[in-house]
Amino acid sequence: MPVTSHIFTTAIRNGEIRKFGTSAFQSHNRNLCCSLPPHSLKTLHALLKTASPTTLGSGSSIKDNPPWYIKKQSYRTTSQQYYNLTRPQVNSILKANEYRFKVPEFDGKNVSSILGFDSSQLAANVPIEDRRSVATCLQTRGMLFGVFDGHAGCACAQAVCERLFYYIAVSLLPHKTLLEVENAVENGRAVLPILQWHKHPNDYFSKEASKLYFSSLRTYWQELIDLNTGVQPDTQEALINAFKRLDNDISLEAQVGDPNYFLNYWVLRVAFSGSTACVAHIDGADIQVANTGDSRAVLGVQEEDGSWTAVTLSNDHNAQNEDEIKRIRSQHPKNEEKTVVKQDRLLGLLMPFRAFGDVKFKWSIELQKMVLESGPDQLNENEHTKFIPPNYHTPPYLTAKPEVIHHRLRPQDKFLVLGTDGLWETMHRQEVVRVVGEYLTGVHLQQPISVGGYKVTLGQMQDLLMERKARSSSVFEDQNAATHLIRHAVGNNEFGVVDHERLCKMLSLPEELARMYRDDITIIVVQFNSHVIGAQSNPGGGE
């Protein structure tokens, strides 16, 4: 059941960041962010070791492409056992992590351009490595939405989803407000809340690290106070500064360590794992999307004839982006031109070309060895910390600096979809927008059935027509647009319609196999108020 967040306005006690704002529920289940169970890990590695080179893609071996960085590929087996899940069981799985929030039409400051948002998650990894965050900025205008795709574990994605919005909010605060916050903390008085979180009860918060996180954040705003130029930074600059500063703090915390054994182990896990981030700041009719990695933000636009068009507000930072390849090669010597990007991966290993954490691609070899030698023994048991990337000569090879794209909302812009790459690997952006658009409007355009290059029998065509007839009512299975989209992402057949048998197979795969067939999927769908946007775009009756 969705839970409306509330805000603490009490004084900071023990310097804990959680006092700035929190949700009514905080889950402290460690299993939500832990290592893969040993028995599952062994089974998975055994399966990977027996896979053929072509199964891994790029014609390479496990040695060349370590399993912790392998992204989803297409896998086929001759036979698969699966449970015959009922529709209620399928719905229960799909809806387990859904969340919905309706934005108050008037929040005391201004009429909101956002009607509300739906979010949902479906895990493939155990535990899930994706994270999500949504919050209202209380001392400035606007809302923040973010999806975070972790790799080499969930630790970095967990830390970023908890911390990044605070860094963004602080970066946006005027100098006067920063001084008020610092004076309140210094004198133990009640502090202005910065964020109101909108979180699902299952969204984990690492309470144990809150004091450390607060200390780093406070140092950041103290520096902003000292460096005051008298000019308020624009949103794009604030987003870039926040991303870069948080990544820098993650790196510094790991180098300094902590006398607390648990925290020392935690900050090292955060730094040696990695996470992409796709964040949207929406203030009135202005959207700023800051993206680091290969998650995406796509705008749903309704044309005059009622059809839907997808407008991408982010660029993927991977080998499919020629500009990214040029950027990376330009930052390293000519003799590394053939090795810096190899087999469509950074140094032949990492698929996203921008990410938080991943100090294996940022620190010098000497620094890595020094930190690991002085760190907990458990960290050395984690296999991804042992290896040195091949052809590692001129680090850093990786950055968390985001690419920021601004868009001015128009009345025809109806919604925004933020999704981790598990969604975009399975569905084209145009199909994503069509599915969401038809769900939100309740209108299914009865376009001619297209079967592509497939040969279909009369019986199969009859099944397609019956499926289309059922589509108009199937939408009512979901009360959440993000869940509805996940249903299509996982269950669509070759004809673009949800196949219940396929859905059952994909949802009942054992945890050792699920990651081979699909990735974690996290989606946020933000719905806009067209009337408010129209008034904001044309306040005086003309441009």
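How many bridges join strand β3 to β4? Seven bridges connect strand β3 (residues 130-137) with β4, and these strands run antiparallel. The model described here is predicted.

**Strand β4 and its neighbours**

Valine 134 has phenylalanine 145 in β4 as its bridge partner. The hairpin of β3 and β4 has five residues between the strands. In this hairpin, glycine 142 adopts a positive phi near 115°.

Strand β4 is also joined to strand β6 (residues 274-283), by nine bridges. Strands β4 and β6 run antiparallel. Glycine 274 in β6 stands opposite histidine 151.

Is strand β4 buried or exposed? Nine of the nine residues of β4 (residues 143-151) are buried, so the strand is largely enclosed by the rest of the structure. In a regular strand, side chains alternate between the two faces of the sheet. Both faces of β4 are covered. One side carries Met143, Phe145, Val147, Asp149 and His151, and the other carries Leu144, Gly146, Phe148 and Gly150; all are buried.

**Aromatic rings**

Phe148 also belongs to an aromatic cluster, which it forms with Phe165, Tyr166, Trp197 and Phe205.

A pair of aromatic rings is described by the distance of the centres and the angle of the planes. The structure holds 13 aromatic pairs. Among them is the pair of phenylalanine 101 and phenylalanine 117, which is tilted. This pair links distant parts of the chain, 16 residues apart: phenylalanine 101 lies in strand β1 (residues 99-102) and phenylalanine 117 in strand β2 (residues 114-122). Phenylalanine 101 has a relative accessible area of 12% and is therefore buried, the cut-off being under 20%. Phenylalanine 117 is buried too, with a relative accessibility of 1%.

Phenylalanine 243 and phenylalanine 356 form another pair; their planes meet at 40°, so the pair is tilted. Phenylalanine 243 is in helix α7 (residues 235-256) and phenylalanine 356 is in strand β12 (residues 356-357), so this pair ties together parts that are 113 residues apart in sequence. Both phenylalanine 243 and phenylalanine 356 are buried.

The table sets out the geometry of these pairs.

| Pair | Centre to centre | Angle between planes |
|---|---|---|
| Phenylalanine 101 and phenylalanine 117 | 5.9 Å | 35° |
| Phenylalanine 243 and phenylalanine 356 | 5.4 Å | 40° |

Technical notes
Residues are numbered from 1 along each chain as its sequence is written. This is a predicted model: local features need pLDDT of at least 70, side-chain atom pairs count only at pLDDT 80 or more; totals for chains, interfaces and linings use all residues. Side-chain values use heavy atoms; hydrogens and water are left out. Rings of Phe, Tyr and Trp (its six-membered ring) pair if their centres lie within 6.5 Å; planes under 30 degrees apart count as stacked, over 60 as edge-to-face and the rest as tilted. Helices (H or I, at least four residues) and strands (E, at least two) are DSSP runs, numbered from the N terminus. Buried means under 20% relative accessible area, exposed over 50%, partly exposed in between (1.4 Å probe, protein chains only). Two strands pair if DSSP finds at least two bridges between them.
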